[in-house]
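The sequence and the coordinates are shown first, and the description follows.

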Amino acid sequence: MGMCLIAMISISYLLSHAGIALLVAIGLGAVIFVHELGHFLVAKACGVKCEKFFIGFDIGGYKLSHRWGETEYGIGILPLGGYVKMLGQDDDPAHIAEEMRRCEITPDSPNAVEITGPNGEKYHVDRRSYLAKSVPQRMAIISAGVVMNVIFAFIFAVVAYGMGVSYMPCIVSETVPGSPAWKAAIEPGDEVVQIGSTVNPTFTQLRGGVTLGDLKNGLPCVVHRAFDGKDVTLILTPEQTHGLATVGIMGPKSLTLADGVAAIPGSPAAEAKLVEPTASSVGADAAKLQSSDEIVRVNNVAVTDFRAFASEVARHPDKPLQITVKRSPTPTDEPANASASPDSRESKEFTFEVPVQNWRSCGLVMKMGPITAVQTGSPAAVTGLKADDIIVAVDRQLLSSGDIGKPAWTPDNLPEVMRQAALAGKSVTLTVLRAHSSAESGTAASDNRAASPDDKDRQRLDITVTPRVPDQFYSAVPPIERAPMVAPALGITYRIENEVLAVVPGGPAASTGIEGGDHIVAAKFVLPKDATDLAGAEAVKLSDSDPNWPVLIEALQLMPAGTAIELTVQTGSEEHQEKITPVAAENVFVADRGFILQPIERIRKAETLAQQIRYGWDETTEALTMVFRFIQKVGTGQVPTSAFGGPITIATAAGYAAYQGLPQLLVFLTMLSANLAVINFLPIPLLDGGHIVFLAWEGLRRRPANEKFVVALHTAGFVFIISLMLYVIALDLHLLPRNL
């Protein structure tokens with residue numbers, strides 16, 4: 001009864017963690033069990049004979065079972081749900097005639113109940129059969145599974161909050177350049193303290209609220225500013241540039257290096273050298289940055305949060321960093337001698353020198369694209385720079401003029417040129433091309449040289465701006481369509497086109513067949529032989545409609561030394577392959593040194609039973625409403641169907657939750673039970689909701705729906721569900737792209 005769209009499929013990695021696999025199996029089995037238990041208990045209460053109660057499906061008779069009384073209890077070989085088999089009931093309407101015959105008895109029997117068939121004919125059936133029960137009773141039996149899922153979702157949540165549930169707060173570590181949060185000048189350390197009506201939301205709630213938010217009118221938020229401690233109300237309008245909608249806020253980061261990998265392989269952080277104490281005094285392993293090291297000082301400046309850390313790192317991209325970490329002793333650490341004092345077991349400080357990372361250049365000067373966003377309150381905003389302006393000259397030097405062998409600025413190095421100007425306290429004159437309709441500020445440029453033919457309808461303006469010294473860095477350009485480059489010193493993001501403007505003489509591309517006017521249409525990283533394969537080494541597609549040069553060039557900075565780029569170059573109507581080995585650019589640096597930091601986690605634990613119940617209620621109602629909102633958005637373009645998860649996704653997520661602890665698994669089961677309740681109650685034939693619709697029809701007509709009609713709808717429902725299952729499994733197995 002009530003086929004459950006859920007699975008208990010074990011995954012290879014879970015097999016190596018027997019305890020986690022067992023917890024996952026028990027947890028997912030419990031969700032199925034309570035659903036079927038609801039059907040079973042209400043059926044028994046209504047006097048229906050229950051012949052089978054199974055978790056899993058006994059395909060081909062393969063099962064583990066035992067009969068107690070009139071009911072066979074068992075576990076089937078196929079763990080894709082469960083069912084309760086009642087006398088006179090079958091999920092397949094094609095078997096209804098057989099079920100009618102099976103429960104039909106003589107009219108004079110004291111157990112006989114007269115019922116009306118689909119065509120108005122009269123039958124006498126066993127009073128303990130499902131068919132003998134009234135429409136309200138059968139509705140209660142069918143809906144009981146969903147009700148039990150909701151009840152147990154609440155129970156799971158209440159128990160979890162009694163134990164303490166870990167969560168990530170909505171503290172901002174960084175914002176995605178050009179995103180709504182970036183444009184609103186939300187900074188590291190700021191905390192979103194309210195989303196809509198939700199106060200003190202978790203980061204998960206923020207993501208869910210944004211994904212399913214109003215793309216037209218925006219999402220009202222209250223942000224607690226880190227720099228002055230004030231709360232400000234903002235309207236953040238989610239943008240859907242790639243996959244799911246986002247406002248561009250990245251999750252909170254602590255100052256503790258991540259478990260497993262403390263730094264990106266090959267990055268400056270991975271090559272950090274111990275300077276105090278000496279490497280010889282601690283051993284080779286201890287002389288490296290380690291997981292769980294806590295950063296406490298940068299260049300001898302105490303840092304207590306990510307905001308302070310990011311500020312110090314961003315201010316010194318051109319100098320080695322002195323990073324001091326606090327390291328706790330491991331259980332296997334032993335004192336140097338038996339008489340060592342207890343203090344030797346205390347945390348110790350280690351200071352490392354992290355080298356600079358020069359910007360890697362391909363020796364190509366690409367065409368400058370338009371400004372895509374201007375940050376609120378930034379130097380660019382104050383001086384009147386606008387989105388769609390195109391920067392064509394810096395301090396009167398055109399990108400295509402002067403000594404191209406060593407250009408003063410390029411689209412790639414403009415952020416560093418502006419940073420150095422800020423350090424020197426200099427103002428910079430930017431010559432921009434602006435569409436006539438938006439020429440509201442700036443003065444006409446004295447340079448009367450004509451713009452390019454593509455820009456003939458634009459007005460040339462000179463705007464003087466005083467850059468600021470950046471106090472934050474950005475991990476990477478997001479791999480989205482038309483991704484921008486960010487210039488923090490100005491507070492702008494801008495596009496870099498895929499058209500080559502010039503090739504730097506003597507540079508990495510000088511010996512290739514690339515020339516000015518060529519277009520880069522695709523690129524692929526070629527890793528050195530001794531490097532392990534990286535996800536970033538995939539091909540990057542570029543085109544005039546999708547100019548993703550910033551994604552390519554930013555990803556290059558994270559690649560191992562010696563990485564080459566294989567470019568597909570379009571010259572006229574022909575394409576050819578060219579290979580370039582980038583080189584370190586002089587006086588251009590990458591601020592991010594490659595540290596991998598653990599997220600900030602807090603514990604939300606109820607102090608009283610009343611609070612525990614309130615937390616459980618809030619978690620359950622949010623899970624239920626989230627499912628409804630998700631289903632409403634599917635097919636509208638805001639939530640693609642590729643966002644669905646199948647049995648492998650469910651099992652993987654359950655395994656990850658179990659790895660974090662029992663409270664996290666219980667919260668996951670709350671969400672899963674809510675999903676199961678809502679999905680099974682949809683008016684789809686074959687599911688509980690479909691049965692309710694047919695019963696409602698029967699209650700109105702006072703007889704069951706026509707058998708052929710029911711069979712046709714059930715067949716359509718079966719095809720839909722099987723197709724959906726195959727689709728989500730294909731997504732799980734990466735046979736279809738998710739593009740989220």
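Helix α4 gives the most to the nonpolar patch, with five residues. The patch covers about 520 Å² of the surface and is made by L23, V147, I151, I155, V159, M163 and L662. One of these residues, I155, has its place in helix α4. I155 counts as partly exposed because its relative accessibility is 35%.

The model described here is predicted.

## Overall make-up

The protein has 740 residues, of which 48% are buried. Its secondary structure comprises 16 helices and 33 strands. The accessible surface comes to about 34,400 Å², and carbon and sulfur atoms account for 57% of that area.

Contacts can also be sorted by how far apart the two residues lie in sequence. Among contacts between residues at least 6 apart in sequence, 70% join residues at least 24 apart.

## Aromatic pairs

How many aromatic pairs does a search of the whole structure find? The search finds 14. In one of them, the rings of F57 and Y83 have their centres 6.0 Å apart and their planes at 0°, and the pair is therefore stacked. F57 belongs to strand β1 (residues 50-57) and Y83 to strand β4 (residues 78-86), so this pair ties together parts that are 26 residues apart in sequence. F57 counts as buried, with a relative accessibility of 15%, and Y83 is buried as well, with a relative accessible area of 14%.

Y161 and Y615 form a tilted pair, with 5.3 Å from centre to centre and 55° between the planes. Elsewhere, F33, F40, F53, W68 and Y73 form one aromatic cluster.

## Salt bridges

A search of the whole structure finds 23 salt bridges. In one of them, the side chains of D58 and K52 meet, with 3.1 Å from N to O. The two partners fall into separate classes of accessibility: D58 counts as buried because its relative accessibility is 15%, whereas K52 is partly exposed at 21%. The dividing value between these two classes is 20% relative accessible area.

R128 and E70 form a salt bridge through their side chains, with 2.8 Å from N to O. This pair links distant parts of the chain, 58 residues apart: R128 is in the loop between β6 (122-126) and α4 (135-163), and E70 is in the loop between β2 (63-68) and β3 (71-76). R128 counts as partly exposed, with 31% relative accessibility, and E70 is partly exposed with a relative accessible area of 25%.

In the salt bridge of R458 with D388, the closest N and O atoms are 3.2 Å apart. R458 lies in strand β24 (residues 458-465), while D388 lies in the loop between α9 (379-383) and β20 (390-394), so the pair ties together parts that are 70 residues apart in sequence. D388 counts as partly exposed, its relative accessibility being 35%. Salt bridges also link D318, K319, E416 and R419 in a network.

Is strand β8 mostly covered or mostly open? Strand β8 (residues 191-195) is mostly covered, as four of its five residues are buried. It pairs with two strands that are described here in turn.

With strand β10 (residues 219-224), β8 pairs in the antiparallel sense over four bridges. Within this pairing, V192 stands opposite V223 in β10. With strand β9 (residues 198-199), β8 again pairs in the antiparallel sense, over two bridges. The bridge partner of I195 in β9 is T198. The hairpin of β8 and β9 has two residues between the strands, and in this hairpin G196 takes a positive phi near 60°.

Definitions and conventions:
Residues numbered from 1 in each chain as written. Predicted model: local features only at pLDDT ≥ 70, side-chain atom pairs only at ≥ 80, totals over all residues. Heavy atoms only, no water. Salt bridge = Lys/Arg side-chain N within 4 Å of Asp/Glu carboxyl O. Buried < 20%, exposed > 50% of the residue type's maximum accessible area, 1.4 Å probe, protein only. Pairing = 2+ DSSP bridges. Contact = heavy atoms within 4.5 Å. Areas by Shrake-Rupley, 256 points an atom, 1.4 Å probe, with all protein chains shown as cover. Patch = residues over 30% accessible without salt bridge, like charges linked within 9 Å, V, L, I, M, F, W, Y side chains within 5 Å. Phe/Tyr/Trp six-rings, centres within 6.5 Å; stacked < 30°, edge-to-face > 60°.
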